[in-house]
Structure formats: C-alpha cells, structure tokens
Amino acid sequence: MTYSKTNPNQLKYLSSYPLEVQNKIRTMVEQDTLESFLLKKHPKTHDINNDKMLREYVMNLKNTHLRKSSPLSKVIYDKKIHVVNNALGLHTFVSRVQGSKLKSKNEIRISEIFKTAPESFLEMIVVHELAHIRIKPHDKAFYQLCQHMLPDYHQLEFEMRVYLTQLELKGDIY
C-alpha cells in the first residue's frame, strides 16, 4: 500500500491523538523513519509463539496483579480478531445456568499479529484484556487499573498504535 496525504484513514490507529502528534507521525511515514524509531525503542520480538506459552504468560501476569479475580477458561492467539472485529484483543465473559448453578467463563483472545511483535506490546494488550475481568467499560477506573499493572501503559499503547500504522502503511519490520 502506498502512502498518500489525502487518505484520512491512513492514521486510523492514531485518530484519537492530537493533530500535532498525528502530523509528527505522518512526517515520519513520509520520511521513512518510522521503522527506525520503532526498532530503536523495541529492537526485538518475544518468543511467546503458541497458545500454551501465551496462556502461561497471561496467567503469570494475572497471578501477579489480579490474583483474586475470576479464573480464565481460555487464552489463545486468534487470527480472525484484527480482520473481523477491528480489535487487537478480546475478553469475553459468558454466564450459563447448569442445573441450579450459574457458571461463568472468561476468555482472552489476542490478535495473531502480536505473535511477532515486541513483548512490551503483547504485555500491553494482555494487561488491557485482563483489566476487563474486573472493569468492563473503558472508563477512568479501567485505565487506572491498566496503569497499576503496567505503569507505562499509555506510552506503550501509543507506540503500539504507531507500530500498527507502520504495519499497515509500510509492512512488517521484524
């Protein structure tokens, strides 16, 4: 895909950021310096490349920060998430009645694009989805919990959005 200034969707992952920030990223795209910026901050990818390893990674974070929260029934990489739902991760909560008991299941699905991303981006997405176990809406309390689990959450979210912009406009860098 070639980059053009006229397409407003080109920076769709950064649309909620101030115009000044968007313009800086747009300039970096035009000057082809976005890749070097990202590689300098995040030089390598993680090796958590299957569902079993992902579950272990998520459970370690959950047990560190949300020990007393509801259990997780499923943790997987999902290749359909980014394309179908235009999301990066999903947390689902399902309640079912079985006999006289109410059973609930929490699932976390992470977009498969994070199989080959820096660990800090994977951690940011996992923290985001884990926070939904306690707090469903994206409100102030939700983001405070994200920051409690990952103090530089907001900076990593921004850099992850820059990474997604790079992927979409220029292609993979890892």
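I began with the contact between H6 and H7: Tyr-143, Cys-146 and Gln-147 in H6 meet Tyr-153, His-154 and Glu-157 in H7. Contact here means heavy atoms within 4.5 Å. Helices are DSSP runs (H or I, at least four residues), numbered from the N terminus. I sorted the residues of this contact by class and got 3 nonpolar, 2 polar and 1 charged. For the classes, Ala, Val, Leu, Ile, Met, Phe, Trp, Tyr, Cys and Pro count as nonpolar, Asp, Glu, Lys and Arg as charged, and the others, Gly among them, as polar.

This is a predicted model, where local features need pLDDT of at least 70, side-chain atom pairs count only at pLDDT 80 or more, and totals for chains, interfaces and linings use all residues. Residues are numbered from 1 along each chain as its sequence is written, and side-chain values use heavy atoms, with hydrogens and water left out.

Next I looked up the angle. The axes of H6 (residues 140–149) and H7 come within 8 Å and cross at roughly 95°. H6 is therefore roughly perpendicular to H7. Axes are lines fitted to C-alpha atoms, for helices over the stretch in contact, and angles run from 0 to 180 degrees between N-to-C directions. Under 35 degrees counts as roughly parallel, over 145 as roughly antiparallel, 65 to 115 as roughly perpendicular and the rest as oblique.

I moved on to H5 (residues 119–134). H5 packs on H7 at about 115°, with the axes 9 Å apart. From H5, Ser-120, Phe-121, Met-124, Ile-125, Val-127 and His-128 take part; they meet Tyr-153, Leu-156, Glu-157, Glu-159, Met-160 and Tyr-163 of H7. I find 8 nonpolar, 2 polar and 2 charged residues in this contact.

Then I checked H2 (residues 34–41) against H7 (residues 153–169). Their axes come within 10 Å and cross at roughly 140°, so the two helices are oblique to each other. Leu-34, Glu-35, Phe-37, Leu-38 and Lys-41 are the H2 residues in contact with H7. The contact of H2 with H7 has 5 nonpolar, 3 polar and 3 charged residues.

How many salt bridges does a search of the whole structure find? I got 8. The term means a side-chain nitrogen of Lys or Arg within 4 Å of a carboxyl oxygen of Asp or Glu. One pairs Lys-24 with Glu-20, their closest N and O atoms 4.0 Å apart. Both residues lie in H1 (residues 19–30), 4 residues apart, about one turn of the helix.
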